[in-house]
Amino acid sequence: MSQIQLHADAALNTLADAGLKAKDIDGVATAGESPVNISHYLGIAPRWVDGSSVGGCSFMLHVRHAAAAIEAGYADTILITHGESGRSGVGRGGRGGGAGSLLAQFEGPYGSMGPTTMFMIGVLRYMKQYGVTHEQLAMVAVVQREWAGMNPRASYRDPITVDDVLNSRLIAYPFHLLECCLVTDGGGALILTAAERAADFPHKPVYILGSGESVESPMVSQMKET
């Protein structure tokens with residue numbers, strides 16, 4: 001499936017789960033794809049859209065923006081979609097920035113090759129400051145695999161141990177192979193509406209109690225110490 005099909009598939013699944021049709025949606029938010037493209041693909045004519053893109057957390061920002069839009073009366077029922085053809089690359093757009101980006105100029109020459117080689121900077125600082133051990137870090141992957149084992153669609157479901165993690169191939173210190181995120185194809189979507197309207201849906205809603213957002217440097221090496 002192409003990237004936009006992954007967005008659409010997730011959108012149709014969440015619409016069905018909520019007992020809604022595309023015509024019931026009047027707001028669309030997404031990243032990776034244009035909200036214009038998603039709206040057109042699904043046959044939606046929204047009166048509010050959000051295409052904010054700040055990386056993997058974009059969709060959490062969309063939740064906050066959507067809640068504010070509903071409160072302000074800009075839209076009543078907002079669809080947020082995600083889709084990424086990460087493994088197959090079918091229909092996936094190119095990454096922005098290129099050779100002129102800050103990352104390419106100031107971190108790339110030192111060997112950064114994506115999240116694994118950048119996130120380890122913050123993790124190493126955390127380990128040093130709070131005394132976190134490699135065994136404790138490895139336990140994160142162990143617990144995540146336990147949850148994956150409950151999902152029949154997960155790529156890997158067999159349980160792993162701390163020793164399995166620490167004995168797997170080292171990728172970028174302190175990350176071992178089993179501590180690195182799996183690259184795959186997938187998508188997800190959710191629908192936001194006012195609390196009083198959500199009571200009419202077939203399933204119990206999840207309520208937003210609070211939110212916040214912030215952005216910082218695009219380079220991990222330049223982020224502020226907190």
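Predicted model: local features only at pLDDT ≥ 70, side-chain atom pairs only at ≥ 80, totals over all residues.
Local features need pLDDT of at least 70 and side-chain atom pairs 80 or more, while totals for chains use all residues. Residues are numbered from 1 along the chain as its sequence is written, and side-chain values use heavy atoms, without hydrogens and water.

Start with the whole chain in cartoon view. The protein chain has 8 helices and 6 strands (DSSP runs, H or I of at least four residues and E of at least two, numbered from the N terminus). Of its 226 residues, 32% count as buried (under 20% relative accessible area with a 1.4 Å probe; exposed is over 50%, partly exposed in between).

Next, select residues 35-42, which are helix 2. Show the side chains of Pro35, Ile38, Ser39 and Leu42, which are buried. Turn to the face away from the buried side to find Val36 and His40, both exposed.

Now look at the ends of helix 2. At the N-terminal end, Ser34 is the cap, with a side-chain oxygen 3.0 Å from the backbone nitrogen of Val36. Gly43 follows the helix and has a positive phi, near 75°.

Finally, select Trp147 in helix 6 (residues 134-148). Trp147 is exposed, at 60% relative accessible area.

Conventions. Polar contact = N/O pair within 3.5 Å; in protein donor to acceptor, adjacent residues only side chain to side chain.
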